[in-house]
Structure formats: structure tokens, C-alpha cells
Amino acid sequence: MTLRDILNKLLRRQESSANTARERLQLVLAHDRADLSPDLLDQMRKEILEVVAKYVEIDIEEGAVSLETEDRMTALVANLPIKRLPSGAIKVKEHGESSDN
Amino acid sequence: MSTNTRIILICSGKGGVGKTTLTANLGIALARTGVRTAVLDADFGLRNLDLLLGLENRIVYTAQEVLEESCRLDQALVKHKQEPNLALLPAGNPRMLEWLKPDDMQRIVSMLSDQFDYVLIDCPAGVEDGFKNAVSASKEAIVVTNPEVSAVRDADRVIGLLNTNGINPVQLVLNRVRPKMIASQEMLSVDDVTDILALPLLGLVLEDEQVIVSTNRGVPLTLSGINSPAARCYSNIASRLQGEEVPLIDPAKEGSGMRDKFRRLMQTKIF
């Protein structure tokens, strides 16, 4: 707080506009920056699918990863269909088995 | 392509913050130090670099004819008479925007870098195709902004895009700084802007009426020899770009009247 801020408070004057500008910018930029580009999101989708595919058989083409924003909370939502065996069990890969997908 | 050529994009996102003025003044200031400098007007839609350099009547061919191979590069380059180390490659017809691709831009810049030590690319405003084409041909960038919310926000967006395109280094020039308004806390300070954008500051340019006078005449401030505040700032930026350590002008020390001293007193941090 500066001398001017105190004087402004005492005189019940408006806060200096530079402070307002700084606060508004910090808020709007936090929001802007969370916006992932489609390219980056697609790259992330591929990498997430690759990691999951190491452990269970999934349908690489069907997997979807998206960003969902509600209020000021942003969530990364992944929808990864897992392939099932005829018996209905999930196909789990042996740990360490390399994936060719 | 010569690997030593510095290929520098001058961009801002928002229009009207001083990209073209910086390109013209920096071009002249660099050329005066003896390095061969080319300025490329990549703003094909709304070209103005020719006007600020006072070269608008000497354009015969443009980047368009060079790309169509209907003229040689040196036929299109407009050499500055008073500063022969500086040459302008003018923007072509706005219809170029319809077919210009990143490859075309890279070809032009590659040709320029065979002949020049510095290539300054005056980027169009916005973040669309014109910007992307210019980015694809650049190695480093200077982001120009003003201490205003809209300019800073757009600069932030551009910085993000430059980073994802692997442009490095990206440096900041803060243009149109008004020391009196900063002192009365009615303008974002230099520290405010560098903190928010998290970029190294290449320099600041003080608000100066002489900038308008010089554009009226088509003689950049760095060429006219006028010792105005902005002229000093532009020269300092050129020196820093070449690796010299030049101290920043402190906006708080500009102005020495009683009112300025009072404003500075009022800025004292209490807690």
C-alpha cells in the first residue's frame, strides 16, 4: 500500500486505476491461459491413450479427451472405451508387455 | 540460409501499439551501427512500413514479384538513401493474403538472410494466417505492448503462440510509457507489465509527440538525429539487441519539477 492509497482511502476516493487494471488482468489471463489449443489437446489425448493402452486394451480411435469448464473450475475428462474379452472380462495386459498400438 | 542472421519478428497481437514504428526506428538504428539490415513488411493487408521510412514513392517491385519470380530480390529491395545499410522489402498486393503460405514466407526470409545480418519482420496485427506465416519464418521475436489492459492481454496470447512455435528468445518492448501517469498510479508500471507477462524486458519507449512528427515527415526519429525521449529509447533497444548492456531509462526519474517530486513521494510504499 502506498501513501496515495492511504490518502485515497481516507478521502473515500476511488482506488487508483493501475491497481484495478492489474487485478483485472491477472484474472482474465488466468482464464485465457487455461485455454489449450486444439493441437495441444489432441497431442495430450494421444499420449494419454498410449499410456492407458500399455495396461489395458482400449479402442484408440474411440478415445476422447476434453476440457470441461464450469464456473472457474476446469476439468480434464477422458472417455476411454476398454475392449472386453468374449467372456466379458477386461483384457488386462501383462505388466511390461510392450504395446504396438 | 545463413545461420548467423538474426531473424526477428516484431509482433503484438493488438493493432496500433507501435510495431511498425518500432520496426522502422530499430531498422535505422541497427543500420547506423554498420550491420546490414533488412526490414520486411509482412503486413500485406495494411502495409505502412514504406510510409514510416519515407520510401513509399520508390517502390517498384514487391515481395509478390519476388515470389512469382518476375523480378530478382535486389530489384525489389528499396535501399534507404540516407542509410544505405538499410533496405525495405515492401509488401505486395493485399490479394497476396489469399495464396501466401508459410513456405512462401520462409523462402523470402531465406533469400534475405543470405545478404543481411538482421532481418526485421513487421508482423500484421491479429493471430490469424498473416501472423502464422510470419512466425513460421522467424527465429526470435520482440513483443510490443502498451501499458493498457487490452494490449497486455493480447500480448499474452501472442507470447503463448510464440512459445508453442519454438520461437526463442522472446523479448518485450513496452511502448508509450507515460511516467507521470505511472507516478500517479493511473497507468500500469513497467514492473507490473513484466511481472504479468513474465518476459525479459528489451526496453521501454517513453510517450513522445516527436514520434508523430517524425511519421508525418517519413523520417524515423533514429535517423533525424533529434534527441527526443523516444529516440533515445529506440537507440537503447538497438544497442541491447546487439548485446550491449545499456541501463533502462527509469520512468520515475523523468521530470524534475515540484509536481513530479510530489507524485514520487505519493508512490512511497508504506506496507
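**View 1. B:Asp192 and A:Arg22 form a salt bridge across the two chains.** The closest N and O atoms of this pair sit 2.8 Å apart. A salt bridge here is a side-chain nitrogen of Lys or Arg within 4 Å of a carboxyl oxygen of Asp or Glu. By that rule, the count between chain B and chain A is 1 salt bridge. Keep in mind that this is a predicted model, where local features need pLDDT of at least 70, side-chain atom pairs count only at pLDDT 80 or more, and totals for chains, interfaces and linings use all residues. Residues are numbered from 1 along each chain as its sequence is written, chains are lettered from A in the order in which they are written, and side-chain values use heavy atoms, with hydrogens and water left out.

**View 2. Here is the place where chain B touches chain A.** Chain B gives 21 residues to the contact and chain A gives 19 (contact means heavy atoms within 4.5 Å). Together the chains bury about 1900 Å², with 61% of it on carbon and sulfur atoms; buried area is the accessible area (1.4 Å probe) that two parts lose on being put together, summed over both. On the chain B side, B:Arg153, B:Gln185 and B:Met266 lose the most area to chain A, together 32% of what that side buries.

**View 3. B:Arg6 reaches B:Glu140 in a salt bridge within chain B.** Their closest N and O atoms are 2.5 Å apart. What does this pair tie together? B:Arg6 is in strand S1 (residues 6-11) and B:Glu140 in strand S6 (residues 140-145), so the link joins parts that are 134 residues apart in sequence. Strands are DSSP runs (E, at least two residues), numbered from the N terminus. B:Arg6 is partly exposed at 24% relative accessible area, while B:Glu140 is buried at 8%. Buried means under 20% relative accessible area, exposed over 50%, and partly exposed in between (1.4 Å probe, protein chains only).

**View 4. Another salt bridge pairs B:Arg178 with B:Glu207.** This time the closest N and O atoms are 3.6 Å apart. Both residues lie in loops of chain B, so the pair ties together parts that are 29 residues apart in sequence. B:Arg178 is partly exposed at 37%, and B:Glu207 is partly exposed at 31%.

**View 5. B:Cys11 and B:Cys123 are in no disulfide.** Their sulfurs are 5.3 Å apart, and a disulfide needs a pair of cysteine sulfur atoms within 2.5 Å. B:Cys11 is buried at 0% relative accessible area, and B:Cys123 is buried at 0% too.

Notes:
Helix = DSSP H or I, 4+ residues; strand = E, 2+ residues; numbered from the N terminus.
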